[in-house]
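Subject: Structure handover

Hello,

Here is the structure I promised to pass on. Please open it first, then read my notes below.

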Amino acid sequence: QVQLVESGGGLVQAGGSLRLACAASGSISRIDRMGWYRQAPGKERELVATITSGGSTTYAEFVKGRFTISRDNAKNTVFLQMNSLKPEDTAVYYCNLDVWPWVDGKGVYWGQGTQVTVSS
């Protein structure tokens, strides 16, 4: 069994910063791709950033230069550093991990979501 726990969301003023974390625990052999998605009210869930096991990153255009994704493989944790936040970044943020458990095949796991609210 694999569990994901997110933390770090909250309320911040425009221009401020937040750091999200998503820690995976359980019977984990390794984690391949890690990513962050977000979903604003009334909108589809959208990809924010991804990072491979080798450290290669991709970003959505709307966060390039402002957000940074990173990972700590020893702690099975992925981070999202969010700077220069804008009101339009307000959403529930979800981590998404490709996990190889010790038993069974690879699975895709989602975090429970953490609310980020940016006030103007």
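The protein has zero helices and 11 strands. Helices (H or I, at least four residues) and strands (E, at least two) are DSSP runs, numbered from the N terminus. Along the sequence the pattern reads β-β-β-β-β-β-β-β-β-β-β.

Two notes on reading it. This is a predicted model, where local features need pLDDT of at least 70, side-chain atom pairs count only at pLDDT 80 or more, and totals for chains, interfaces and linings use all residues. Residues are numbered from 1 along each chain as its sequence is written, and side-chain values use heavy atoms, with hydrogens and water left out.

Overall shape

The radius of gyration is 14 Å, close to the 14 Å that the globule rule gives for 120 residues, so the protein is as compact as a globular protein of that length. That radius is taken over C-alpha atoms, and the globule rule is 2.2 Å times the number of residues to the power 0.38. The C-alpha atoms fill a box of roughly 45 × 25 × 25 Å along the principal axes. Of the 120 residues, 42% are buried. Buried means under 20% relative accessible area, exposed over 50%, and partly exposed in between (1.4 Å probe, protein chains only). Among contacts (heavy atoms within 4.5 Å) with a separation of 6 or more, 54% join residues 24 or more positions apart.

The core

The largest nonpolar core has 30 residues. Such a core is a set of buried Ala, Val, Leu, Ile, Met, Phe, Trp, Tyr and Cys residues joined through side-chain atoms within 4.5 Å. W36, V78, L80, M82, Y93 and L97 have the most contacts inside it. Two or more residues each come from β1 (2-7), β3, β4, β5 (46-51), β7, β8, β9 and β11 (114-119). The largest share, five residues, is from β9. In soluble globular proteins, nonpolar side chains tend to be buried together.

Look at L80 and L20. Leaving out neighbours within four places in sequence, L80 contacts L18, R19, L20, W36, V48, A49, F67, T68, I69 and Y93. L20 lies in strand β3 and counts as buried, at 0% relative accessibility. Beyond four places in sequence, the residues that L20 touches include W36, V78, L80, M82 and Y93. L20 and R33 are 13 residues apart in sequence but 17 Å apart in space, C-alpha to C-alpha.

The disulfide

There is one disulfide, meaning a pair of cysteine sulfur atoms within 2.5 Å. C22 and C95 form it, with their sulfur atoms 2.0 Å apart. C22 sits in strand β3 (residues 18-26) and C95 in strand β9, so the pair ties together parts that are 73 residues apart in sequence. The torsion about the S-S bond is about 50 degrees, so the disulfide is right-handed. Both cysteines, C22 and C95, are buried.

Salt bridges

The whole structure holds six salt bridges. Each is a side-chain nitrogen of Lys or Arg within 4 Å of a carboxyl oxygen of Asp or Glu.

D98 and R33 form one of them, at 3.4 Å from N to O. D98 lies in strand β9 and R33 in strand β4 (residues 28-39), so this pair ties together parts that are 65 residues apart in sequence. D98 is buried at 11% relative accessibility, whereas R33 is partly exposed at 23%.

K64 and E61 form another, with the closest N and O atoms 2.8 Å apart. K64 is partly exposed at 45%, and E61 is exposed at 61%.

D89 and R66 also meet in a salt bridge, at 2.7 Å from N to O. D89 lies in the loop between β8 and β9 and R66 in the loop between β6 (57-59) and β7 (67-72), so the pair ties together parts that are 23 residues apart in sequence. Both D89 and R66 are buried. Salt bridges with shared partners join R38, E46, R66 and D89 into one network.

A closer look at D89

How accessible is D89? Its relative accessible area is 1%, so D89 is buried. A polar atom of the D89 side chain lies 2.8 Å from the backbone nitrogen of K86. Leaving aside neighbours within four places in sequence, D89 contacts R38, R66, F67, S84, V116 and V118.

Best wishes

Conventions. A polar contact is a pair of N or O atoms within 3.5 Å; within protein, one must be able to donate a hydrogen and the other to accept it, and residues adjacent in sequence count only if both atoms are side-chain atoms.
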